[in-house]
Structures are given as structure tokens and as C-alpha cells.
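Morning, everyone. Let me put the structure up, and then I'll walk through it.

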Amino acid sequence: MIGDTLELIVVAVDDIASSLRHVRLAAADGGPLPPAAAGANIQLRLQGAARTWRNAYSLISPPGRRDAYEIIVRRVPESRGGSAFVHEVLKPGDRLVASWPSNLFAPQRTARHHLMIAGGIGITPFLSYVADFAHSGASHALHVCCRESETGTFAPWLQACGELHHYWDADGHRLDIPALLARQPAGTHLYVCGPAALNDEVIQAAANAGWPASHVHCEHFGAALSGGTPFTAFLSRSGIEVEVGESESLLEAIERVGAAAPCLCRGGACGVCVTRVLEGEPEHRDHYLGAAEREGGELIMPCVSRARSTRLVLDL
Amino acid sequence: MMQSQIVSRPRYRDLAAEDTAGAHLLIVEGDTLAAGQMAALATAFAVVAERLQTWLVSAPATALAPGRVRRLHTVEEARTALEHIEDGFGIADRLYLQGTEPFMWSLATAAGRAGLSPTQIRMQHAGSLKRRVWCTHCHQTTENVTTNIATCAGCARALLVRDHFSRRLGAFMGVMVDAEVPGEVPQREEVFR
């Protein structure tokens with residue numbers, strides 16, 4: 001399986017909750033898959049009738065497993081269609097093109113204790129973390145914020161989890177983030193993955209409490225936020241003008257017209273798709289550019305960011 | 001001598017308390033204290049005075065310090081105390097060190113073993129520029145080096161003292177100066193006074 005992409009085949013799909021689908025994928029040629037470490041994700045190319053989605057999903061299979069990749073996809077009502085495709089169309093036997101695994105959210109190997117906070121489907125990277133820590137014996141605790149009805153949904157993947165707590169939105173059951181962060185020993189690394197509001201709250205609470213930023217790690221699922229008001233993008237090098245629709249990202253529009261655009265995470269985190277802006281005002285939604293670069297307005301991450309102006313001219 | 005093009009050479013800056021919710025521990029090498037220095041530290045740490053503990057190591061008995069004060073005789077005593085700190089360190093704690101480089105790095109490496117991250121440690125240089133030197137040949141360390149060429153305490157080689165610094169060992173690198181032409185040892189100069 002050497003090449004830029006992987007050919008996968010859907011082995012099984014299971015609905016593990018009303019809006020959660022577990023998908024098991026194997027190599028289409030029956031061979032072993034590239035190994036992936038805890039926290040890795042793959043990007044799936046989902047070919048719909050009218051359009052193509054490229055969505056990144058965390059691998060929940062135990063780290064290093066080469067016989068299959070497993071993912072869990074939540075169906076998002078306001079989704080741009082990728083999750084709906086997985087829930088409605090995808091079936092065993094279907095073939096998919098996927099990226100090689102990449103990892104922008106690996107556990108810190110020097111940590112003395114791993115403190116994980118998950119929000120909703122943001123638990124997925126931690127399912128592979130827990131398998132990793134159970135294997136290595138690393139000290140860890142997982143705090144899960146979810147719906148009350150879903151506290152048991154991920155139990156099959158959490159058998160080996162050490163300290164495990166669930167929280168939901170009811171009196172006496174909410175996670176007190178500042179209290180949790182106030183009493184952690186030196187050498188702890190904090191990981192958060194969930195909706196933007198939870199991520200922001202945890203990062204802010206950690207900063208307020210005096211956690212060194214080097215010990216705070218976050219994975220955003222940003223692709224769902226890449227839609228918005230339509231605008232026009234002009235690719236100056238290739239001379240192509242493309243209309244970016246409200247439910248597609250700038251990157252997807254660029255790919256649709258066939259222009260070459262390198263990318264990796266598709267969530268505004270990795271920085272691979274950074275592109276120079278020649279004209280127009282970007283609306284930054286990434287987590288990669290620093291404050292000065294944002295204000296400079298000369299760079300954009302097309303995977304999640306859009307335009308404030310009606311037109312952007314890109315150096316592509 | 002505090003600046004170098006060698007990127008591993010640590011840089012130090014004036015201590016300033018970071019107003020985090022954790023405990024704050026300031027350790028000062030007493031015999032490097034210059035007039036007015038303690039007053040400057042008291043000002044710099046006023047915001048965390050409630051949560052501050054100051055350890056004075058080998059300081060004159062008359063020396064004053066901000067926060068709860070503990071007096072220790074030697075850096076070894078301070079190192080042992082750090083490694084056995086009750087309940088250990090918390091993630092929001094900060095350690096501030098002031099003194100010579102061998103003093104600060106003896107304590108920083110001990111704090112690291114106790115779990116403290118380098119991002120929780122701040123250092124301000126004071127006093128002598130003397131160096132701890134680690135011999136790349138016999139792996140022994142030589143203390144209190146003030147010359148550009150030093151005799152290794154382990155293997156007696158003449159070592160050229162480099163600016164290359166190991167944070168793990170808390171020491172500068174020393175390499176045999178006459179490895180190419182045995183016996184050809186340049187003049188020693190006292191450059192790390």
C-alpha cells in the first residue's frame with residue numbers, strides 16, 4: 001500500500017447510538033494498513049452523488065493495529081453533508097480513498113499523568129489514548145462531558161480505562177473545570193477535545209490557574225465550521241475564479257476546480273494549507289496563525305477560513 | 001560571557017512573580033546577594049507574597065526575605081529539601097532561582113526530577129560566572145571552573161570549556177583541548193570570574 005492515498009473497504013457499519021455510527025475499514029487489497037499511534041486521524045474522501053467531502057476522523061482502533069481502522073461518526077444536523085453521507089449511504093463493501101494516518105494530537109510521552117477532558121464526540125481520540133495508556137501503564141484520568149443517555153455508549157472502548165468520570169447537563173452532574181484543574185500534580189499534561197466552547201473554557205481555565213501552556217493540548221474539530229456566506233476566490237497563478245458556496249470550505253472549492261492545494265488536517269490546526277492572500281480580507285477561523293499573522297491579513301488557512309470581503313485573490 | 005552564539009547556552013532574565021494560583025518558591029544563593037537585591041525581589045514578588053516561600057541558602061543571618069522564610073546552609077541541603085517537598089509540586093506552581101549557574105542548575109535539575117516542568121522554572125543569574133563542566137571523555141564533572149581551559153577532575157585532561165550547555169546535566173561541555181597536537185595547550189585565562 002505505497003502511495004499518496006490508501007484504498008479502503010468498508011467492513012462493517014454499526015449504529016452504537018441514535019446519532020453515532022461505528023465504521024470498520026480494512027485495506028481494499030486485504031494487506032496490512034500503515035500503523036498509527038494514539039491520537040491519529042485519517043481523512044476520508046466521501047464521494048456523494050453531487051459532491052465530494054473530505055472529512056478527518058480520529059482512529060479509535062488500538063494504536064498499532066494493522067488489520068483495520070475504526071472510526072465513530074456523529075451525525076450532525078447542521079452538517080455540511082459528510083456525516084449524513086456516512087450515516088445514510090455508506091455500507092459494507094463500499095470502497096473509499098483515504099489519506100495516510102496523520103497525528104496532530106499525540107500524547108506527551110514525558111507526562112507523569114495524563115488528564116483528558118472530552119466533550120461529546122470529542123471522546124474519539126481518547127479511546128485510542130486509553131488503549132495506549134492501559135498498555136504502557138501510564139497514569140491517566142478521563143473526564144467525559146456527554147448526554148446523560150450516552151454515558152455508557154463508549155464503554156466497550158473504555159474497559160481498560162483507569163480513572164473515569166462522566167458529567168452531563170444537570171444539577172450536581174456538571175464538570176467543575178476550575179476545581180478539576182486546581183489540584184493536579186506537576187508533570188501532568190492536559191488534553192481537551194470537544195466543541196469549541198468547551199475547548200476554549202478549558203484552555204482559559206488552565207491559563208487562569210497558572211498551567212504552563214506547554215502542558216495544555218487541544219484538538220478542535222473545525223471542519224464543521226468551515227461554511228458561511230458565499231464569496232468568490234480568484235487563484236492568481238492558475239487564473240481560475242471559483243465561487244465558494246455556503247456549505248463548502250474554501251479548500252473544497254479549490255479542490256473542486258482541480259487546483260493543487262496541499263493539506264493535512266482540514267481543521268485549521270496543522271498549517272500545511274497556508275496560502276498567501278494577495279487581495280481581499282480573510283476571516284480567520286484556524287488555530288494555526290498567530291495574532292500578528294492574522295492581523296497582517298496576508299495569510300489564510302483555506303481549510304476552515306473564509307472571506308470578509310466578497311472576493312479573495314490567492315497566490316495559488 | 002552571558003551571551004553566546006551557541007544556542008544551548010541558557011539566557012537569564014530578572015525574576016518577576018507570575019500571578020498563578022499555585023505555590024511560589026524562591027530560592028536565593030545568599031552569598032551572591034548584593035545591596036538592594038532583596039528589596040528588589042520583595043517588590044517583584046509582592047503580588048504572590050501570600051503564596052510565597054523563600055529559601056535563603058548560605059545567607060548572612062541578618063538577611064531579610066519576602067514570604068515565609070526558610071534558611072538552609074548548602075545547595076545540597078536545598079536540593080534534598082526540593083526532592084522531598086511535602087505533597088510534591090503542583091502544575092500551577094512556580095520555582096524561581098537566583099544565584100550562580102552551578103547553584104541554579106543543581107536545583108533546577110532536582111526540581112525536574114521532582115516533576116517540575118522547565119516551563120515552571122525561572123532563573124536570574126547573580127554572582128560569579130563560574131561554571132560546572134562536564135567532560136565529554138570521562139563523563140565526570142568539574143566544579144567551580146573560572147578559566148577557559150580547565151583540568152578535568154575525573155581524567156586530568158586539559159579541557160576547553162565550551163558554551164554548549166546541557167540542561168539535563170546542568171553543566172557546560174568540556175573537550176580535550178590538545179587532542180590534535182598532544183601537549184599543545186593554549187594559555188589559561190580566567191574568563192568566568
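I'll take the sheets, then a helix pair, then the contact between the chains.

Ground rules. This is a predicted model, where local features need pLDDT of at least 70, side-chain atom pairs count only at pLDDT 80 or more, and totals for chains, interfaces and linings use all residues. Residues are numbered from 1 along each chain as its sequence is written, chains are lettered from A and ligands numbered from 1 in the order in which they are written, and side-chain values use heavy atoms, with hydrogens and water left out.

Chain A. It has an open sheet of 6 strands, antiparallel in pairing, in the order β4-β3-β6-β1-β2-β5. Strands here are DSSP runs of E, at least two residues, and helices are runs of H or I, at least four, all numbered from the N terminus. Pairing requires at least two DSSP bridges between two strands. At the edges of this sheet stand β4 (52–58) and β5 (69–74) of chain A; each has a single partner strand, so one side of each has no neighbour in the sheet. Twist averages 40° from one strand to the next. Angles run from 0 to 180 degrees between N-to-C directions, and axes are lines fitted to C-alpha atoms, for helices over the stretch in contact.

Inside that sheet, take strand β1 (residues 5–17) and strand β2 (residues 20–27) of chain A. They pair antiparallel over 8 bridges. A:Ala17 faces A:Leu20 of β2(A).

Chain B. Here 5 strands make an open sheet, β7-β6-β10-β9-β8, with mixed pairing. The edge strands are β7 (141–145) and β8 (149–151) of chain B, each with a single partner, so one side of each is left without a neighbour in the sheet. The twist averages 45° from one strand to the next. β8(B) joins strand β9 (residues 158–166) of chain B through 3 bridges, running antiparallel. B:Thr151 has B:Ala158 in β9(B) as its bridge partner.

Now two loops. Most residues other than glycine have a negative phi. B:His139 has a positive one, near 65°, and sits in the loop between β6 and β7 of chain B. B:Ala156 also has a positive phi, near 65°; its loop is between β8 and β9 of chain B.

Next, the helices. How do α2 and α3 of chain B pack? Helix α2 (residues 75–83) and helix α3 (residues 101–113) of chain B pack at about 20°, axes 9 Å apart. That makes α2(B) roughly parallel to α3(B), a label for angles under 35 degrees. Contact means heavy atoms within 4.5 Å. Among the contact residues are B:Val75 and B:Leu82 of α2(B), and B:Phe103 and B:Leu107 of α3(B). α3(B) also lies across β6 (131–135), β7, β9 and β10 (171–176) of chain B, at about 65° to β6(B).

Last, the two chains. Their contact takes 13 residues from chain A and 16 residues from chain B. About 950 Å² is buried between chain A and chain B, 56% of it from carbon and sulfur atoms. Buried area is the accessible area (1.4 Å probe) that two parts lose on being put together, summed over both. In chain A, the most area is lost by A:Arg112, A:Ala186 and A:Pro212, together 45% of what that side buries.

That's my tour.

Notes: Parallel < 35°, antiparallel > 145°, perpendicular 65-115°, else oblique.
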